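My notes follow, in the order I went through them.

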Amino acid sequence: MHIPDAFIPISQGIVYWIIALVFVALALRWARNELSEDKLPLVAVLAAGIFALQSFNLPVAMGTSGHLVGGALAAIVLGSPFAAIFILTMVLVVQGIMFGDGGITTMGANIINMGVVGGFVGFYSFKGLMKVTKSMAFSVFIAAWLACLIPALACAVEMYLAGTFPLNVGLIAMGLYHAVIGVIEAIVTVAAINLITNVRPDLMDTGARTAAGA
Amino acid sequence: MDNKTFIIAGIIVALLIGAVAVFLASGDPDGLESTALVVQGQKTITGDTPADAEIHEETAGRFSYSSPMPDYSLGESLGSAGGLVAILVGTLLAFLVVLGLAYGLKIAGKPTK
């Protein structure tokens, strides 16, 4: 769901950029204050992994492909939605500048959708589900699915405001495609979190996990 | 697993995913592009994407930028090899940019604590 430059007027792109920068500033502050030094390698490895996963367009039928976003993954592993904003912003900068994947004037909107919306939806739905169900796998699965679907719907609304898509068709098509893509996102996120938990349980920072007896 | 092993293993996994993607990634448009084609009447929501489908892009008054490696490729002539180089560069760059920025913030943040 990387929005190219052609899909949003520059004036609106600037508005999204300003909103995005507020969150990016908060994410930088998070990295400075909350990120412990022993977790820096994990953050960087996650960025590399999320970049690679995002380059993998998987077929989801209906003449459409989709790739993972990774916002829920970053937020859950590092225990903060700002982790998702921090990592996704840098991944989007590399993608936009080096590979033309996502525009420059639209980068703010992409940061808002995948980093901010994805990170917050992923993190807080995980926290809430964890409290209610106590199931790590189930909570991660649903959180990752939502963190793919909700940003897509946000993107559809932005496309409507930009005059690029009509609201109905945009919401239905974006919602349908990303509901399917989200299932893949959910499966891979559960697998990735299982892997990290097994290899380096000390790096996982979910309050819920510690409570579960890590 | 110590930090060094974890970093190396993590980067290898990332590069493997990226390498597989070069060969196996679907050529179909992504969700956003696919929706654009639906809006422009070139495909139905659940139908296949026609081979000649092309998104009409609004360019008047829009910013445009040419990246060094558009679409994770170094051009048709280099094919998959170019794709592999692009993914390698991108994955390592994502790793280094985040690592560098995170370390930079930590160092810059220290005196104030």
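**Starting at a histidine**

I began with His67(A), which sits in the loop between S2 and H3 of chain A. Helices here are DSSP runs of H or I with at least four residues, strands are runs of E with at least two, and both are numbered from the N terminus. His67(A) counts as buried because its relative accessibility is 7%. For the cut-offs, buried means under 20% relative accessible area, exposed means over 50%, and partly exposed is in between (1.4 Å probe, protein chains only). I also checked His67(A) against Leu35(A): they are 32 residues apart along the chain, and their C-alpha atoms are separated by 28 Å.

Ground rules before going on. This is a predicted model, in which local features need pLDDT of at least 70 and side-chain atom pairs count only at pLDDT 80 or more, while totals for chains, interfaces and linings use all residues. Residues are numbered from 1 along each chain as its sequence is written, chains are lettered from A and ligands numbered from 1 in the order in which they are written, and side-chain values use heavy atoms, with hydrogens and water left out.

**The cavity**

Which residues line the largest cavity? I noted Met1(A), Ser65(A), Gly66(A), His67(A), Val69(A), His178(A), Ile181(A), Asp30(B) and Gly31(B), so my histidine is in the list, going by the lining rule (an atom within 4 Å of a point). A cavity is a set of points on a 1 Å grid over the protein atoms alone where a 1.4 Å probe fits but cannot get out. Strand S2 (65-66) and H7 of chain A each supply at least two of the lining residues. By class I get three nonpolar, five polar and one charged. The classes are: Ala, Val, Leu, Ile, Met, Phe, Trp, Tyr, Cys and Pro nonpolar; Asp, Glu, Lys and Arg charged; the others, Gly among them, polar.

**The second largest pocket**

Next I looked at the second largest pocket, with a volume of about 410 Å³. A pocket is an open set of points with protein on both sides within 12 Å along at least five of seven lines. I found 18 lining residues, and those nearest the centre are Ala192(A), Leu195(A), Ile196(A), Gly10(B) and Val13(B). Helix H2 (40-55) and helix H7 (167-199) of chain A, together with helix H1 (3-24) of chain B, each give two or more residues. H1(B) gives the most, with six. The lining splits into 16 nonpolar, two polar and no charged residues.

**The nonpolar patch**

Helix H1 (residues 10-33) of chain A gives the most to the patch, with three residues. Tyr65(B) is in the loop between helix H2 (31-39) and helix H3 (79-109) of chain B, and it counts as partly exposed at 35%.

**The salt bridge**

How many salt bridges are there over all chains? I count one, using a side-chain nitrogen of Lys or Arg within 4 Å of a carboxyl oxygen of Asp or Glu. Arg200(A) and Asp202(A) make it, at 3.0 Å from N to O. Arg200(A) is buried at 8%, whereas Asp202(A) is partly exposed at 46%.

**Positive phi**

Most residues other than glycine have a negative phi, so I flagged exceptions. Lys134(A) has a phi near 60°, in the loop between helix H5 (107-133) and helix H6 (136-161) of chain A, and is exposed at 63%. Tyr72(B) has a phi near 55° and lies in the loop between H2 and H3 of chain B; at 15% it counts as buried.

Definitions and conventions: Grid points are joined across faces, edges and corners, and a volume is the space filled by probe spheres set on the points.
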